[in-house]
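Please view the sequence and structure below before turning to the notes.

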Amino acid sequence: MKSEPILITGVGQRVGLHLAQNFLMRGIPVLGTYRTQRDSIKELGNNGAKLYNCDFHDELELQNCIRSIVQNYQGLRAIIHNASEWMPDKQEDLTPAEIMHRMIQVHTSAPYQINLMLENLLLQSAHKYTDIIHIGDYISSRGSKKHIAYAASKAAQDNLTLSFAARLAPKVKVNSIAPALVLFKQDDDDIYREKTLKKSLMQREAGLDEIQNSVDYLLQSQYVTGRILPVDGGRHLK
């Protein structure tokens, strides 16, 4: 049963890398997409992951990646949409229209196309149930003053969860995980860290293992579908 792979988009760093590493250690095959070549990509390849260099902003690359998976695999255990781009609304080199297009493309259009074109691999799986999991964002339900296009595209991704859950039931469970703070970046200063931590009741980072635990819960469930799982440290009560 473990011979069918899990497809994870955006495996080069942070959440995607952590998920890919853990599944490989469990003996579960991993297909991964990445945009930027990193040492982590080489390591994943050495550990057995099948990797696709695919920029979701390039439609030809996206279509070629999907076709390759269709041609080479007869079933998928799960698709985890992790690929993301965090972009504020003010950019010197991009117009508002270009920013919105980029956000919609990576967070909504690419997952939409992948889900549609790979749905037969999920439906044909030898597993009793298969999964699509979108890694969303806490702000999709609240909006954002400085990342309006990003928040809107993540809200659209949430709606994909509802629509595909209805379309693909009962074989395929479709859910979303909505984290707030997962992990600080190395260049985040102390002032930003302190301000951000105070936004949640738990006052700490969720950490990569928390996302892995959430993914594992959804994969192991035989009943949960069409849901958005908040992993926000109690921000809704602040």
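A salt bridge is a side-chain nitrogen of Lys or Arg within 4 Å of a carboxyl oxygen of Asp or Glu. The structure holds seven of these salt bridges. The model is predicted, so local features need pLDDT of at least 70 and side-chain atom pairs count only at pLDDT 80 or more, while totals for chains, interfaces and linings use all residues. Residues are numbered from 1 along each chain as its sequence is written, and side-chain values use heavy atoms, with hydrogens and water left out.

**Salt bridges**
- Arg26 pairs with Asp216, their closest N and O atoms being 2.8 Å apart.
- Because Arg26 lies in the loop between helix 1 and strand 2 and Asp216 in helix 7 (residues 208-220), this pair ties together parts 190 residues apart in sequence; helices (H or I, at least four residues) and strands (E, at least two) are DSSP runs, numbered from the N terminus.
- Asp216 is buried, at 11% relative accessible area, where buried means under 20%, exposed over 50% and partly exposed in between (1.4 Å probe, protein chains only).
- Arg26, at 36% relative accessibility, counts as partly exposed.
- Lys173 forms a salt bridge with Asp131, with 2.5 Å between the closest N and O atoms.
- Lys173 belongs to strand 6 (residues 172-179) and Asp131 to strand 5.

- Seven strands form an open sheet in the order 3-2-1-4-5-6-7, with parallel pairing; two strands pair if DSSP finds at least two bridges between them.
- Strand 3 (50-53) and strand 7 stand at the edges, each with a single partner strand.
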